[in-house]
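Here are my notes on the model you sent, as numbered points. Please read them with the structure open.

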Amino acid sequence: MRCVFCHELHFCPDTTPSQIAPVSGIVDLDVDIGAEVVDYNAIANQESLSALQTEMRKLEGIVKEVMYEMSYLKRREMRFRDTN
């Protein structure tokens, strides 16, 4: 998935245009989503889960993500099919 972010640079009200130097740069932003974000080790410690139970929780999260993605793709395909 590709996302576009917009960033604005704000200066103090008393800043004059001659005091502002041209600014350019590259920002690299990595964002984790879904099951990758969940700290399963903390959950395992909090709920006293075994290694197998922790792995099952991870797999359950991944399966939910896959099912959601498949549902989204199916809805999108139906929408595109109806537009032609």
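1. Buried residues account for 6% of the 84 residues in the chain. Bear in mind that this is a predicted model. The accessible surface of the chain is about 8400 Å², and carbon and sulfur atoms contribute 58% of that area.

2. On secondary structure, the chain has two helices and zero strands. Helix α1 covers residues 40-47, and helix α2 covers residues 51-83.

3. Two packed helices are described by the angle between their axes and the distance between the axes. Here the axes of α1 and α2 come within 10 Å and cross at roughly 130°. That angle makes α1 oblique to α2, because angles over 145 degrees would be needed for roughly antiparallel. The crossing of the two helices is right-handed.

4. Which residues make the contact between α1 and α2? From α1 come Y40, I43, A44 and E47, and they meet T54, R57, K58 and G61 of α2. Sorted by class, this contact of α1 with α2 comprises three nonpolar, two polar and three charged residues.

5. One backbone angle deserves a look. Most residues other than glycine have a negative phi. S48 is not a glycine, yet its phi is positive, about 55°. S48 sits in the loop between α1 and α2.

6. Is S48 buried or exposed? The relative accessibility of S48 is 63%, and exposed means over 50%, so S48 counts as exposed.

Note on methods. Residues are numbered from 1 along each chain as its sequence is written. This is a predicted model: local features need pLDDT of at least 70, side-chain atom pairs count only at pLDDT 80 or more; totals for chains, interfaces and linings use all residues. Side-chain values use heavy atoms; hydrogens and water are left out. Helices (H or I, at least four residues) and strands (E, at least two) are DSSP runs, numbered from the N terminus. Buried means under 20% relative accessible area, exposed over 50%, partly exposed in between (1.4 Å probe, protein chains only). Accessible areas come from the Shrake-Rupley method with a 1.4 Å probe; for residues, only the protein chains shown count as cover. Axes are lines fitted to C-alpha atoms, for helices over the stretch in contact, and angles run from 0 to 180 degrees between N-to-C directions. Angles under 35 degrees count as roughly parallel, over 145 as roughly antiparallel, 65 to 115 as roughly perpendicular and the rest as oblique. A crossing is left-handed if the near helix is turned anticlockwise from the far one by less than a right angle, and right-handed if clockwise. Contact means heavy atoms within 4.5 Å. Ala, Val, Leu, Ile, Met, Phe, Trp, Tyr, Cys and Pro count as nonpolar, Asp, Glu, Lys and Arg as charged, and the others, Gly among them, as polar.
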